Amino acid sequence: MKFGIGCFVTDEGIAPGALGRAVEERGFDALFVAEHSHIPASRRSPYPSGGELPRVYYRALDPFVALTAAAAATSRLVVGTGIALLAQRDPISTAKEVASLDLVSGGRFAFGVGVGWNREEMENHGTDPTTRGRRMDENLEAMQRIWTEEQAEFHGEFVNFDPIFSWPKPVQKPHPPIYVGGGEANFRRIARFGARWFPNSPSPEALAPQLAKLRDLAGADVVVSATHIGPNEPEKLAGYEELGVERVTLHLPTAPEQETLGHLDQLAQLVAKLG
C-alpha cells in the first residue's frame, strides 16, 4: 500500500514547489490538492464537516497551477487533483489542462474528480446543482474523446461541439487515471468510466461491503485510494491494506513552510512506524 499527501495549497501556506519537493523527499508517492474556484460570501450550503467553513476553502490556489509547480520540483511524485470540481468546469479547457500537466510532468498526473457540495459556487459557474451528476458524466465522456481522438466530437444535453483538434494528448494511455470522489452514488459512474474510487475516510468495516458491491457492479476489480486520513487514525491503515487499498492519502494541514515540514516529518515517522 502506498502513502500520499492530501491538502489545500493556499497563498498563506507553503509554496507548491517546496511542498512537492518535501513530500517526495520524505518518501510519499503522491500529492493531491483540493479545488475551490471561490466561495460565495453568502451561501445556504452547509459545510459538510459542520461548523464554520475553514478559510483554506476560499484561499486555494488553482490546482493545475499548483501541481505544475510541484511537478517541476520533483521527478517521481504523482501529482493529482483531490478533487477537481468537474461539474462546474468547461470540459474542453479542462481536457487541455489535464493533458498539458500530464505532458510536463512526464506522465505523473492523476485526475481526481467530484460533483461538489457548494450549490452557490456551482450556480455562479452556470451549473444547476440538481443536474451536476449528469453534467459531470458528459464532461468526462467528452474529455475522454478529446484525449483519445484526433478529431473529437460530442453532442449531449450539456456539452455540444462539432469536430475539434486539441493537443497535446496525455502521455499516459489512454489518459491519466480518473479517481472519482464520493460515496455509493458514484458506483455506476466509476464502472461506466473504468475509474478508480476515492472514498473519504471510511472505516475498513464500512469500506469492505461497499467495495464488494462496487466490484460486483463493475464486474471487475476496482482500484481504491482512501483519502483524508488523519494522523490519529493509524488503526484504519492495517484494515485498508487487508482490503487491497492502493493508496492512503494522509491529510496535511495548511501552514507556512517550517510548520508544514514538521507536520510532514511526523507523518513520515507514522508511516515508518507502521512499516
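## Cavity, pocket and salt bridges

The largest cavity is lined by Cys7, Phe8, Val9, Thr10, Gly13, Ile14, Leu19, Leu252, Pro253, Thr254, Ala255 and Thr260. The model is predicted. The volume of this largest cavity is about 50 Å³. The count is 1 cavity of 30 Å³ or more. Its lining divides into 8 nonpolar, 4 polar and no charged residues.

The largest pocket has a volume of about 890 Å³. It is lined by 35 residues, and Tyr57, Ile83, Trp117, Asn200 and His228 are the closest to its centre. Five strands each give at least two residues to this lining: E1 (2-7), E2 (30-33), E3 (78-85), E9 (225-229) and E10 (247-251). By class, the pocket lining holds 19 nonpolar, 14 polar and 2 charged residues.

Next, the charged pairs. Side chains of opposite charge can pair when their charged atoms come close. The model has 20 salt bridges. Three of these pairs are tabulated.

| Pair | Distance, N to O |
|---|---|
| Glutamate 12 and arginine 59 | 3.6 Å |
| Glutamate 25 and arginine 26 | 4.0 Å |
| Arginine 192 and glutamate 141 | 2.7 Å |

Glutamate 12 and arginine 59 meet in a salt bridge. This pair links distant parts of the chain, 47 residues apart. Glutamate 12 sits in the loop between E1 and helix H1 (16-25), arginine 59 in the loop between E2 and helix H2 (63-72). Glutamate 12 is partly exposed at 37% relative accessible area. Arginine 59 is also partly exposed, at 28%.

In the second pair, glutamate 25 counts as exposed because its relative accessibility is 59%, above the 50% cut-off. Arginine 26 is partly exposed, at 24%.

Arginine 192 belongs to helix H6 (residues 187-193) and glutamate 141 to helix H5 (residues 132-148), 51 residues apart. Salt bridges with shared partners join Asp137, Glu141, Arg145, Arg189 and Arg192 into one network. Glutamate 141 is partly exposed, at 22% relative accessibility.

Phenylalanine 154 lies 8.5 Å from glutamate 141, C-alpha to C-alpha, and 13 residues away in sequence. Phenylalanine 154 is in strand E5 (residues 152-155). With a relative accessible area of 5%, phenylalanine 154 is buried.

Valine 171 is placed in the loop between strand E6 (160-164) and strand E7 (178-181). Its relative accessible area is 38%, so valine 171 is partly exposed.

Notes:
Residues numbered from 1 in each chain as written. Predicted model: local features only at pLDDT ≥ 70, side-chain atom pairs only at ≥ 80, totals over all residues. Heavy atoms only, no water. 1 Å grid on protein atoms, 1.4 Å probe; cavity = no way out; pocket = protein on both sides within 12 Å on 5 of 7 lines; lining within 4 Å. Points joined across faces, edges and corners; volume = space filled by probe spheres on them. Helix = DSSP H or I, 4+ residues; strand = E, 2+ residues; numbered from the N terminus. Nonpolar A, V, L, I, M, F, W, Y, C, P; charged D, E, K, R; others polar. Buried < 20%, exposed > 50% of the residue type's maximum accessible area, 1.4 Å probe, protein only. Salt bridge = Lys/Arg side-chain N within 4 Å of Asp/Glu carboxyl O.
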